[in-house]
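Please keep the sequence and the structure in view while reading.

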Amino acid sequence: MRRKLAAGNWKMNGMSAELEELSTLARMYPSPTVDVLICPPATLLYRAASTVQATDIQVGGQDCHANTSGAHTGDISAGMLLDAGASAVILGHSERREDHGEQNEDIRAKARAAMDAGLKAIICVGESLEQREAANTLDIIGGQMSGSIPDQSTGENLIVAYEPIWAIGTGKVPTLDEIGEVHDFIRTRLERRFGEGVGRSVRLLYGGSVKPGNAADIFAVSNVDGALVGGASLKAQDFAGIIDALQNA
Ligand code: PEP
């Protein structure tokens, strides 16, 4: 059985004061029946980890470098994230692919580093609106998966997040059939590459404008094991609506 996961991506949002949202979440969900992960900006990671220390809520990073240490000003290694209290790291988010020109092979190298350090790698894939309209969605997702998912992946160290770029932060969401089609495709691809056992054990998240109001419908789609949530993870009350929907799915 795959344990469900509600993951929050705070992106470049959050000052010390916002740790209060995490404290609220920790009071509400000391031991949720699904995995709950918050990925704050790196500046808050250590304090976020301390905030949820007495609970089952976990914290993660939003990116890491492919190397373990060295002359890489401004970068953070996977080991550093682990040292600060992280158990996972988001990799290949479309905003990093766009803002930093990250390519599939960069993401694969980062994922290898994350797995070697003992972190779970949440690898993001997703098509642009143009690619969807040109009926290229599955080709794009297939290419991103082959290029960015490392060979050493298992159900323990890999999570795949399907995030259509046009749905992120826009309030637009694919139809449930469209989400199901892509998630089934990702599952089949994983089974073909890693074998049925591993392929079936990898958790698949949907991401893109998930809110308390649409979460239950999305969580009922086949092969959706949870969500990667941006905007609605910033407020404890909003994220609670999504956690509740997942706990009841
Ligand atoms: C994201 O940042 O991964 C995301 C899905 O954002 P939002 O939920 O705001 O669309």
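In which pocket does the ligand sit? In this predicted model, the ligand sits in the second largest pocket.

**Ligand surroundings**

- There are 14 residues around the ligand, and those that come nearest are Lys11, Glu163, Gly169, Ser209 and Gly230.
- Sorted by class, the shell around the ligand is made up of 8 polar, 4 nonpolar and 2 charged residues.

**Polar contacts and burial of the ligand**

- The side chain of Lys11 places an N or O atom 2.6 Å from an oxygen atom of the ligand, and a polar side-chain atom of Glu163 likewise lies 2.6 Å from a ligand oxygen atom.
- Ser209 contributes through its backbone, where a polar atom is 2.8 Å from an oxygen atom of the ligand.
- The ligand taken alone exposes 290 Å², of which the protein buries 98%.

**Cysteines**

- The structure holds 0 disulfides, a disulfide being a covalent bond between the sulfur atoms of two cysteines.
- Cys124 is accordingly in no disulfide, the nearest cysteine sulfur being that of Cys39.
- Cys39 counts as buried, because its relative accessibility is 0%, and Cys124, with a relative accessible area of 1%, is buried as well.

Definitions and conventions:
Residues are numbered from 1 along each chain as its sequence is written. This is a predicted model: local features need pLDDT of at least 70, side-chain atom pairs count only at pLDDT 80 or more; totals for chains, interfaces and linings use all residues. Side-chain values use heavy atoms; hydrogens and water are left out. A residue is near a molecule or strand if one of its heavy atoms lies within 4 Å of it. A polar contact is a pair of N or O atoms within 3.5 Å; within protein, one must be able to donate a hydrogen and the other to accept it, and residues adjacent in sequence count only if both atoms are side-chain atoms. Accessible areas come from the Shrake-Rupley method with a 1.4 Å probe; for residues, only the protein chains shown count as cover. On a 1 Å grid over the protein atoms alone, a cavity is a set of points where a 1.4 Å probe fits but cannot get out, and a pocket is an open set with protein on both sides within 12 Å along at least five of seven lines; lining residues have an atom within 4 Å of a point. A molecule sits in a cavity or pocket if more than half of its atoms lie within 2 Å of its grid points. Ala, Val, Leu, Ile, Met, Phe, Trp, Tyr, Cys and Pro count as nonpolar, Asp, Glu, Lys and Arg as charged, and the others, Gly among them, as polar. A disulfide is a pair of cysteine sulfur atoms within 2.5 Å. Buried means under 20% relative accessible area, exposed over 50%, partly exposed in between (1.4 Å probe, protein chains only).
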